[in-house]
Amino acid sequence: MLAALALLASVLVACWPLLVDGRVLVSLDAFAYFYPNYQYAAAQLRSGVLPLWNPYLFAGAPFLANPQTGVFYPPNLLFLALPAPHAYAWSVALHMVIAGVAMRLCARRALRMTRGGALVAALTWMLSGYLLSTTVHLNQLQALAWLPLLVMASDRIARGASRRQIAFAALIVALIAFAGHSQTLYIAGATAAVWGGAVALHLAWRERTAGWPSALGSASRRLIGLAGALGLGVALAAVQLSPTLELAGQSMRAGGLSYADAVAFSLPPWHLFRSLLPSFRDDAISTEWVGYVGFVGLGLAGLGLGTSPRGRALGLAALAAGAFLLAFGQFSPLYGPAFAVVPGLQLFRVPARWLAIATFALAALAGLGFDCLSPSPFRVFRSFRAFRGPNPPPSPLEALGPGIAVVALIGVLFIAAARRYPGFATFANVVGDPPLLAQWSAMGFVVVAGLTCQLLWPRTVARLAIAVALVGELLLAGRTGGLLTLSLAEAATALRPPEAFFRADPGLYRILALSQQRFDPGDLELIRAGLAGLPPAEVTGYINATKHQQTLTPNLPLAWGIASLDGYDGGVLPTERFVRLKELFPLDSQNLVDGRLNIQVTVAPPAGLLGWLNVRYLLMDRSRDVWVDGVYYDLAVEQPLAPGGRLQLTDLPRQRTEAIGIIIRQEGHPLSPDPFSTRGEGWRLRGTVQAVDGTIMRWQLDPASGDGASGTDFAPSAHRPVALSPAGTPQRLLFRLPLDEAMFPSAIELRNEGEGIVTVAGLTLIGRAGVSRPVPVEPALRLRYLGDVKIYENLRWQPRLYVVYGLRPVDDRAEAELAELRSPAFQPEAEVVMPAAEAHRLGVSGVGCQVLGVRCQVPGARCSDCWPHETRHQTPDTQYPIPDSRPLAPDPQIVEYRAGRVRARVTLPRPGLLVFGESWDPGWRARVDGQPAPIGRVNLIYQAVWLGAGPHDVVFEYRPTSLLIGAGLSLLALVVIGVLVCARMVIRS
């Protein structure tokens, strides 16, 4: 009872801000990933629907198949009763308690500690830096909470495979799997297998006196029982794992990661001190590298290693050493060979997550050390009994010798690393900084002094004081170490203008939000005033959360019910096809597997590309825009003009205009002190502005002319152009062109009549007293909202469900599909790109030998089967041409639309393809007029069905077979577990 109260009290103190003060976690992953996932799952379950599909991210993606959603994890039912941020907080507290209780049970039953030692091990594990850092990844915390019970079960199975222990281990494996962090499942399963296997082999070695055949047979039975328990647990979780495996087959990780990707976030050895020792200040290193158990915990762990019985202490020390070697990743000489040999390592990044096992082992050693506390100095000086067996107490020199050898070995490793890795260049880089070193030295002295003084105190007082010091240190480190980013609950629920804008415009469209998060909210001072009195860290957390809400950071649209093209996961999502789709966008860096469009794209993508992806609204922040002489210039939208290229803007705001500001970007010209110092051929921009009353004015910008204007019928520039770009970057120039008289422009036309490429990067109508209105230089984009962020409406957006009558057949390679989708001749409003084999499978009768200029590869097709196609209207600067005409047919009428199901009625004048603008997945099924119909993949990620002429009733429904297979396996495993548990009762009866 006292142990339970101690665990509960410690968790209450650690989670007081979350449970009592009403704070919520606002760190990025918790706020923008887990809150939306759990909120969406809870909303679907409350409505009586199993959340199989997510239509709001990645142009639609499987939801339940993504294990990180935790749909089948029983404690996540808490999200049905509470708002997501508060349910998250209570789940954190609940799983910290579970972690403590599980560790105490493991320490008592597997490691055979006393009650005091087991409680210290539980408190050390429960309040450790690693477990606290996983609060930002709730599924990791949920999975790790059960780790000690799995180790305990594997230990007991290895000592004698009882049926109930096998069933218990299987249940724990299933719980860890349902929690949804696949890497933690792998790490926990590997740890249980290694620990149980080591125990079984150790027992076989001890039983060798009875004969090797008997000993090996006993070990084999134990190992089979252990493997059966782990396999049965996997089978029990098959209802989750089967859809996950199917989705993983479509992921970029399907074939495993490259070594360079897999070793991302390895623990640098020069951060080892910062990892193992708390800093007690808000400058923590990456949460992936935090693994401290406190100064007291490390002292107790060292004492436990030196004075505990041989098998337990050495086993835990070996477990910790192996975990550290794996956590070092690319910095470890063993990780490379292990990566090539050990199955499963190729599937995961962040080797530093093996710190979880090191933390578990150190916490257990701390419990053993606490059990060894004694007023007898001879017991303490018997410091390396584990290596000596039952020999007499060693001399002090003999006792210190192994410790000195360990320190010397660490020193040699650090010196060797200093010669190879620049992070080891100075001692200051290893320990952090002098103040921190002084703090650590003081703490180390206090711990050593405390452990020494316990020899002079009564045993009970000494043990109580050390336990209180351990808990106090870990609680203080958790509250001051910067691991928890907290703020008011309103940060997660406040409705900002962008959310209100989109919610006021219901419809089946998508948005794309692009932001680098480098802006400040316009009401920043008002926010600060309203948060007066809060700690600075909470104020900063609230401001950052507000910025995430303003820009709908990738997964926040899921929380607001707003469909987005973008998304973030980092696990089995995004799919390989979605990652390849990003190659169509103007990425400013390498196409990263987990890279989000919102941070990899800084300028507005082509409107035609956004259009066929169902993107109606483009949201961007204003961090790239500029103010010059009180005039605002929108630099988010650019329009490159090749020689002869023309840009015509007709949708202009009603603005009394006295001047026009134009920003251009020259390609390939280094910045010079005089922008017009380069003579010769280049771009030459001729412009025309027409007023509503018919007045026309013309001008010309020519970098070779010296003054920016030429000819008698062109208005000269008021100023020489202003260079806006720093040296060494493409030249960006500002021209301010005064008008002869104030007018209300109705149209502006720009034409590049030179021989060089020029990019129009911004255009603003300037009125009296500096009043300005920016004009997007993409004709299909209309500025609809201008505040802290900008919202553009894409006039070329296409509906979620539409009909096409044209087809571009290609071979079944992503490169071929991408090439056609990039082609200026591709008409997304009238045709699709489809692998020829898919078209043949659908029975498309219109695939001929020459379709849209692309030779068909379907064997046996006849030229007479070719479809009639619309003529093209192409202009030099139009990347996505619009066809002159389309068949006169009504758009599909959507009768029903919900996640994973859409029903529509459509009437076609001739055979065509009904395109459903959500991501293709093998789980989708289609019925046309009540009959099953095959679904083909088009435009790399979309799906479509082939329809004949006439009226049709079409249903698309997501019903993955993998879920049914997994449910069957889970049901079978549950029956087996029931038999194992009840077998003894049945036999007795």
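Reader: Why is Leu 2 called exposed?

Author: This is a predicted model, and its computed relative accessibility for Leu 2 is 72%. Exposed means over 50%, so Leu 2 counts as exposed. Leu 2 lies in helix 1, residues 2-14. Together with Met 1, Leu 5 and Leu 8, Leu 2 makes a nonpolar surface patch of about 510 Å².

Reader: What makes Asp 625 and Lys 790 a salt bridge?

Author: The N to O distance between their side chains is 2.9 Å. The cut-off is within 4 Å, so the pair of Asp 625 and Lys 790 qualifies. This pair links distant parts of the chain, 165 residues apart. Asp 625 sits in the loop between strand 6 and strand 7, and Lys 790 in strand 20.

Reader: Why is Asp 625 called buried?

Author: Its relative accessibility is 11%. Buried means under 20%, so Asp 625 counts as buried. Lys 790 is buried too, at 0%.

Reader: Which label does Glu 658 get at 29% relative accessibility?

Author: Partly exposed. The value 29% falls between the limits of 20% and 50%. Glu 658 forms a salt bridge with Arg 768, with the closest N and O atoms 3.5 Å apart. Glu 658 is in strand 11 and Arg 768 in a loop, so the pair ties together parts that are 110 residues apart in sequence. Arg 768 has 57% relative accessibility, so Arg 768 counts as exposed.

Reader: How many salt bridges does this rule give?

Author: The count comes to 31.

Conventions. Residues are numbered from 1 along each chain as its sequence is written. This is a predicted model: local features need pLDDT of at least 70, side-chain atom pairs count only at pLDDT 80 or more; totals for chains, interfaces and linings use all residues. Side-chain values use heavy atoms; hydrogens and water are left out. Patches are made of residues with over 30% relative accessible area and no salt bridge: like charges are joined within 9 Å, nonpolar side chains (Val, Leu, Ile, Met, Phe, Trp, Tyr) within 5 Å. Accessible areas come from the Shrake-Rupley method with a 1.4 Å probe; for residues, only the protein chains shown count as cover. Helices (H or I, at least four residues) and strands (E, at least two) are DSSP runs, numbered from the N terminus. Buried means under 20% relative accessible area, exposed over 50%, partly exposed in between (1.4 Å probe, protein chains only).
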